[in-house]
Amino acid sequence: MPGKMKIEIENNSHLLKEVSNGLISMLKGKNVSEEVIFDVHVGFEEALRNAMIHGNGSNPGKKVKIETEITDEWVVIIVEDEGNGFDLASLPDPTVGENLLKESGRGVYLIKHLMDEVRYEKNGRRVVMKKHFSKL
Amino acid sequence: MQICMEDKDGIVVCRLRSDVDINSSPDVRNYFERLTRDKKEKILIDFKDVDYVDSSGLATFVEIFKNMRTYGGKLKLMNLSNKVRGLFEITKLDKLFEIAAQEADALSSF
């Protein structure tokens, strides 16, 4: 199993699941706890979903770049879209007041809370996430 | 997405048979839209077979809640795994929904 992977996929939700399932299978083969796998699963798919829907505007002609690196201690996932980026600070807190009833805006929030380290680059077009397999 | 429905003394119990994610959410949304269009007053959603929910799934349940609220309907959720329940807690949606641990508790508390 390669420790590093770098691919580019079309803007397609079925491919999203395929790539996500591939990463989860690799983690299951590494004796990683179910809780950590679940967090990575959600974090990775939310990043892909954000890239495809919000970043690439659901445009089937656009692509999403994905890089992963897995060691015995952690996984790093990088997801990059072809959109215009976004201002992280402008996103409303989905857990406050009437935002609780909104039907969008939870993806970035979930990533922040489920992954150990999250960094947005290229004006928000690229997210770098890290999850440790043991509690820090 | 397969959903099994049964009526228990006026409470519509809907048992989700798989995960609620970006691919299955539209089906789940359509299914419950039909129920809320018929103004079903009491709906209980069973998560026993649900291992994974993403933000589109969470949004779907918020939409069902909002639709039911317009006519005074009552929505409850039950049998959430610890991991799925954790997502409701992180996003504070556990404050919005009534979440029961067991079916008997859910049915008796409507």
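**Reading the contact and the strands**

Guide: A contact can be read by asking what each partner gives to it, and in this predicted model chain A contributes 22 residues and chain B contributes 17 residues.

Visitor: Which elements give two or more residues to the side of chain A that touches chain B?

Guide: They are helix 1 (13-28), helix 2 (34-55) and helix 3 (107-114) of chain A, and helix 2 of chain A supplies the largest share, seven residues.

Visitor: Turning to chain B, how many residues of strand 3 are buried?

Guide: Burial is judged by counting neighbours, with 20 or more other C-beta atoms within 10 Å making a residue buried; in strand 3 (residues 42-46) of chain B, four of the five residues are buried, so that the strand is mostly covered.

Visitor: Which strands are joined to strand 3 of chain B by bridges?

Guide: Strand 2 (residues 11-16) of chain B runs parallel to strand 3 of chain B and is joined to it by four bridges, with V13(B) standing opposite L44(B). Strand 4 (residues 74-78) of chain B is also parallel to strand 3 of chain B, through five bridges, and here L44(B) stands opposite K76(B).

Visitor: What handedness does the crossover from strand 3 to strand 4 of chain B have?

Guide: The chain passes through helix 2 (residues 55-69) of chain B on that path, and the β-α-β crossover is right-handed. Strand 2, helix 1 (residues 25-37) and strand 3 of chain B likewise form a right-handed β-α-β unit.

Key
Residues are numbered from 1 along each chain as its sequence is written. Chains are lettered from A and ligands numbered from 1 in the order in which they are written. This is a predicted model: local features need pLDDT of at least 70, side-chain atom pairs count only at pLDDT 80 or more; totals for chains, interfaces and linings use all residues. A residue is buried if 20 or more other C-beta atoms lie within 10 Å of its own, exposed if 12 or fewer, and partly exposed in between; C-beta atoms are placed from the backbone. Two strands pair if DSSP finds at least two bridges between them. A crossover is right-handed if, with the strands pointing away from the viewer, the path from the first strand over the helix to the second runs clockwise. Two residues are in contact if their C-beta atoms, placed from the backbone, lie within 7 Å.
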